[in-house]
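My notes follow, in the order I made them.

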Amino acid sequence: YNHRDRNDDYRQPGDLLRLMTADQKQQLFQNIKAAMDGVPVEIIKRQLVHFYKADPEYGNGVAAAVGIDMDLASAAE
């Protein structure tokens, strides 16, 4: 049995983001930025790719908050 069959790890967080207001999204991006303080840049870049897969706005929003170019983060994939 493969528990990952028909299981999308990105749909639920993307759907939740799309329900948020613009202010809620900005608060989320800032909370993630604060939580990533001190995390090595290479790890942040890998995580940004996951945020982007959930929703491009999610990836771009967090990337902007932490000051990393999303194009560079995509290269880490």
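Entry 1: Does Lys-45 count as buried or exposed? I found Lys-45 at 15% relative accessibility, so it counts as buried; buried means under 20% relative accessible area, exposed over 50%, and partly exposed in between (1.4 Å probe, protein chains only). I then looked for its partner: Lys-45 forms a salt bridge with Glu-42, with the closest N and O atoms 3.8 Å apart. A salt bridge here is a side-chain nitrogen of Lys or Arg within 4 Å of a carboxyl oxygen of Asp or Glu. Both residues lie in helix H3, three residues apart, about one turn of the helix. An α-helix has 3.6 residues a turn, so residues three or four places apart point the same way. Glu-42 is partly exposed, at 47% relative accessibility.

**Entry 2: ground rules.** I am working with a predicted model, where local features need pLDDT of at least 70, side-chain atom pairs count only at pLDDT 80 or more, and totals for chains, interfaces and linings use all residues. Residues are numbered from 1 along each chain as its sequence is written, and side-chain values use heavy atoms, with hydrogens and water left out.

**Entry 3: the whole chain.** I counted five helices and zero strands, with helices (H or I, at least four residues) and strands (E, at least two) taken as DSSP runs numbered from the N terminus. Of the 77 residues, 29% are buried. I also checked contacts (heavy atoms within 4.5 Å): among those with a separation of 6 or more, 57% join residues 24 or more positions apart.

**Entry 4: the core.** Which residues touch the most other members of the largest nonpolar core? In this set of 14 residues they are Phe-29, Ile-32, Leu-48, Phe-51, Tyr-58 and Val-62. Helix H2 (22-35), helix H3 (41-54) and H4 each supply at least two residues of this core. A nonpolar core is a set of buried Ala, Val, Leu, Ile, Met, Phe, Trp, Tyr and Cys residues joined through side-chain atoms within 4.5 Å. Helix H4 covers residues 56-66, and its buried residues include Gly-59, Gly-61 and Ala-63. After H4 comes Gly-67, with a positive phi near 80 degrees.

**Entry 5: Asp-55.** Asp-55 lies in the loop between H3 and H4 and is buried, with a relative accessible area of 9%. At the start of H4, one of its side-chain oxygens reaches to within 2.8 Å of the backbone nitrogen of Glu-57. Asp-55 also forms a salt bridge with Arg-18, the closest N and O atoms being 2.6 Å apart. That pair links distant parts of the chain, since Arg-18 sits in helix H1 (residues 11-19), 37 residues from Asp-55. Arg-18 is partly exposed at 44% relative accessibility.

**Entry 6: the other bridges.** How many salt bridges does the structure hold? I count four. One of them joins the side chains of Lys-25 and Glu-57 (3.0 Å, N to O). This pair, too, links distant parts of the chain: Lys-25 is in helix H2 and Glu-57 in helix H4, 32 residues apart. Lys-25 is buried at 11% relative accessibility, whereas Glu-57 is partly exposed at 38%.

Key
Polar contact = N/O pair within 3.5 Å; in protein donor to acceptor, adjacent residues only side chain to side chain.
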